[in-house]
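Here is a quick walk through one protein model, written for someone who would rather look at side chains than at tables. Have the sequence and the 3D view open as you read.

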Amino acid sequence: WLPSTKEYREISSCSNTGDFQARRMALRYRPEVKQAAEGETAAPKKGGKKKKPKKPKPVLCHTINGSGLAVGRTLVAVLENYQTPEGDVVVPDVLRPYMGGVERLKKKQ
């Protein structure tokens, strides 16, 4: 909620980026080995040994962007909702541990 515009505004959005972001950081996973269905067994080769199933190749992950909050928009929402008539800003309780215990940001004179 932004009191100055009297409307709710988007702080963040998420979009599916497929494997686009994962390519740059080579973010991959290896799919599980598929088990043979019941009744299906690999025929033993010469020597009577069963062939091990091949490990699947690594596959690029699909990612989403917007995993955080847009800092500017979030800051504006905090400032507008916690500003006092004197111009100070009360630090919300949940943010105080990250602000070293500061409870109020004083307006410069």
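## Before you start

Bear in mind that this is a predicted model: local features need pLDDT of at least 70, and side-chain atom pairs count only at pLDDT 80 or more, while totals for chains, interfaces and linings use all residues. Residues are numbered from 1 along each chain as its sequence is written, and side-chain values use heavy atoms, with hydrogens and water left out.

## Overall layout

The protein has two helices and six strands, where helices (H or I, at least four residues) and strands (E, at least two) are DSSP runs numbered from the N terminus. Going along the sequence, the pattern reads β-α-β-β-β-α-β-β.

How much of the protein counts as buried? Of its 109 residues, 11% do. Here buried means under 20% relative accessible area, exposed means over 50%, and partly exposed is in between (1.4 Å probe, protein chains only). As for contacts (heavy atoms within 4.5 Å), take those between residues at least 6 apart in sequence: 64% of them join residues at least 24 apart.

## Salt bridges

A salt bridge here is a side-chain nitrogen of Lys or Arg within 4 Å of a carboxyl oxygen of Asp or Glu. By that rule the count is four, and three of them are worth a visit, starting with Asp88 and Arg104, whose closest N and O atoms are 3.5 Å apart. This pair links distant parts of the chain: Asp88 is in the loop between α2 (71-82) and β5 (89-90), and Arg104 is in strand β6 (residues 104-105), 16 residues apart. Asp88 is buried at 11% relative accessible area, while Arg104 is partly exposed at 36%.

Next come Arg96 and Asp93, whose side chains meet in a salt bridge at 3.0 Å, N to O. Arg96 is partly exposed at 21% relative accessibility, and Asp93 is exposed at 58%. Arg9 and Glu7 make another salt bridge, with 3.6 Å between the closest N and O atoms. Arg9 is partly exposed at 49%, and Glu7 is also partly exposed, at 33%.

## Buried spots to look at

Find Thr63 in strand β4. Thr63 is buried, with a relative accessible area of 12%. Its side chain and that of Thr17 are joined by a polar contact of 2.8 Å. (A polar contact is a pair of N or O atoms within 3.5 Å; within protein, one must be able to donate a hydrogen and the other to accept it, and residues adjacent in sequence count only if both atoms are side-chain atoms.) Leaving out residues up to four places away in sequence, Thr63 touches Ser15, Asn16, Thr17, Gly18, Gln21, Ala22 and Leu27.

Cys61 is in the loop between β3 (59-60) and β4 (63-65), and is buried at 18% relative accessibility. With residues up to four places away again left out, its contacts include Gly18, Ala22 and Leu27. Cys61 and Gly18 are 43 residues apart in sequence, but their C-alpha atoms are 7.7 Å apart in space. Thr84, in the loop between α2 and β5, is buried at 15%. Beyond its neighbours within four places in sequence, Thr84 is in contact with Val90 and Arg104.

## The surface

The accessible surface comes to about 9,900 Å², and 55% of that belongs to carbon and sulfur atoms. These areas come from the Shrake-Rupley method with a 1.4 Å probe; for residues, only the protein chains shown count as cover.

Which residues form a nonpolar patch on the surface? They are Val94, Leu95, Tyr98, Met99, Val102 and Leu105, with about 580 Å² of accessible area together. Patches are made of residues with over 30% relative accessible area and no salt bridge; like charges are joined within 9 Å, and nonpolar side chains (Val, Leu, Ile, Met, Phe, Trp, Tyr) within 5 Å. Leu95 is in the loop between β5 and β6 and is partly exposed at 34%.

Most residues other than glycine have a negative phi. Lys6 is not a glycine, yet has a positive phi of about 55°. Lys6 is in the segment before β1 (15-18) and is exposed at 65% relative accessibility. Ala26 also has a positive phi, of about 55°, and is in the loop between α1 (20-25) and β2 (28-29).
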